[in-house]
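Here is a short briefing on one protein model. Keep the structure open as you read, and find each residue as it comes up.

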Amino acid sequence: MEPLELWNPATFKNGFPHEYFRHKRDNDPVFWCEHPVWGGFWNVTRHADVQRVSRDSDCFKNQPNPFLAGDQPPAVDDGSNSLMLISLDPPDHTKMRKLVNRGFTPRRVRDLEVKIQAQVDRLIDQVADKTNCEMVNEIAVELPLQVIADLVGVPEEDRHKIFHWTEVSFGFDEKYTTEEMLDAGTQMFAYADQMCEIRKKEPHDDLISVLMEAEIDGESLDQLQIDVFFMLLQNAGSETTRNLITTGTLELIRHPDQMQMLKDDLSLIPNAVEELLRYTTPVIQFVRRPTYDTVVGEQEIKAGEPVVIWYPSANRDERAFENPDTLDLTRDASQHVAFGAGGPHFCLGASLARLEAKMMFEAIVGRFEGLELGVDDPATLPRLHSSLVDGYVELPLQWKSVKPAA
Ligand code: HEM
């Protein structure tokens, strides 16, 4: 098979190249890919190896950052990224994760349930009088953004600004320039500063107040750490969950028997969410760097050589899942790696994302009658320009009717 430019977002414009990765898992499970500026990087394709790299944080580091940067130079450790949770390594990561965990306790997530249900009902009610919509922008984008705004404590009247900065700063839309992306980031930081100022005078019951007050072993987060975390939350929490919702809905429509099974028994939805996470895998990869020479699979890897772990490939590994290319909403998919494969960086928002997805799929499956795609061939639908996150830019839907919220 011809090598693919795996660093190039254009390689993913028709979705993840599953055939290519199946071939690699069988024949060359840890392989080298040339990169125009980095020289190259290793690619880990099997479930067991993705787990090993993710969990062995003694050897594999996230610093200076875990991003595969298109045709840009490799990340250098100039300290600029080291404030971001996902770019830290133990022991700094452990300390910061403990501090931000204070804002993600099971109780805080559970407390959001009523708000999430209200947002889901509102979003579906908004399209209920119609018989078609464009799902990404009319439904899926809003839910995670609103939920994070509720969690963090952004007032209603400011949310549109934050949503706009999130869209621009993450940069999956080619129309934004680097300058615009940086500017959106700066505005987001200034906004977080202002939120903290307000809470210094009067603490609120929200995540920003929790982060400001959190203290472990005499250490607390400084202003810049709070700003950076505020931005990471907006991006990590919204650009991912929306894709699970849209691609998940698309797959349910493509598998009418599975959709009907859920309609007949909504209690199957939590398990279905796990299988949809496995099957659609919204986050594609992250990079690690070994601090000493090591072996992954049977491949020797030298200290410092970039190693990319491919989650969609691990989630379709025949060694971990039977008939991995079949969507089976009743299977035990609990070993999927859509939120990471274990280890210190396992997704901080996993339980929140699961709750949002459960409630949204309950509404989609339970309320829409005669739900169909609004295009003949989903392969023609535009996808994100990204090698990090997989999803659709647009998803036209049509239906016969919408039931009122339960
Ligand atoms: C379907 C939705 C989501 C998916 C597929 C997803 C996936 C991931 C993955 C693959 C990682 C990296 C794991 C690793 O390196 O081991 C991650 C980390 C992270 N996620 Fe999520 N995520 C989702 C939703 C969310 C939400 C809703 C939030 C917050 C509100 C969130 C916040 C984070 C943060 C802060 C990290 C970094 C954790 C660390 O470095 O310690 N994610 N996520």
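**A341 and its surroundings**

Leaving aside residues up to four places away in sequence, A341 touches V50, Q51, S54, R55 and A314. Keep in mind that this is a predicted model.

**Where A341 sits**

- A341 lies in a loop. That loop runs between α14 (311-315) and α15.
- Is A341 buried or exposed? It counts as buried because it has 24 C-beta neighbours inside 10 Å, and 20 or more are enough for that label.
- T249 is 92 residues from A341 along the chain. The C-alpha atoms of these two residues are separated by 24 Å.

**The sheet**

- Five strands form an open sheet with mixed pairing. Their order is β1-β2-β8-β5-β3.
- Which strands are at the edges? They are β1 (30-35) and β3 (60-61), and each pairs on one side only.
- Helix α2 (residues 47-55) packs on this sheet. The helix touches β1, β2, β3, β5 and β8. Its direction makes about 125° with that of β8.

- β8 covers residues 307-310. V307 and I309 point one way, while V308 and W310 point the other way. All four are buried.
- β2 (residues 39-44) runs parallel to β8, and three bridges join the two. Within this pairing, N43 has V308 as its bridge partner.
- β5 (residues 285-290) runs antiparallel to β8, and four bridges join the two. Here F286 is the bridge partner of I309.

**Strand β3 and its partner**

- β3 pairs with β5 in the antiparallel sense, over two bridges.
- Which residue of β5 is the bridge partner of F60? It is P290.

**Around the ligand**

- How many residues surround the ligand? There are 26. The closest are G237, G340, H345, C347 and G349.
- Two helices, α11 (223-254) and α15 (350-367), each supply at least two residues of this shell.
- The largest share comes from α11, with seven residues.
- Sorted by class, the shell has 17 nonpolar, eight polar and one charged residues.

Methods:
Residues are numbered from 1 along each chain as its sequence is written. This is a predicted model: local features need pLDDT of at least 70, side-chain atom pairs count only at pLDDT 80 or more; totals for chains, interfaces and linings use all residues. A residue is near a molecule or strand if its C-beta atom, placed from the backbone, lies within 6 Å of it. Ala, Val, Leu, Ile, Met, Phe, Trp, Tyr, Cys and Pro count as nonpolar, Asp, Glu, Lys and Arg as charged, and the others, Gly among them, as polar. A residue is buried if 20 or more other C-beta atoms lie within 10 Å of its own, exposed if 12 or fewer, and partly exposed in between; C-beta atoms are placed from the backbone. Two strands pair if DSSP finds at least two bridges between them. Two residues are in contact if their C-beta atoms, placed from the backbone, lie within 7 Å. Axes are lines fitted to C-alpha atoms, for helices over the stretch in contact, and angles run from 0 to 180 degrees between N-to-C directions.
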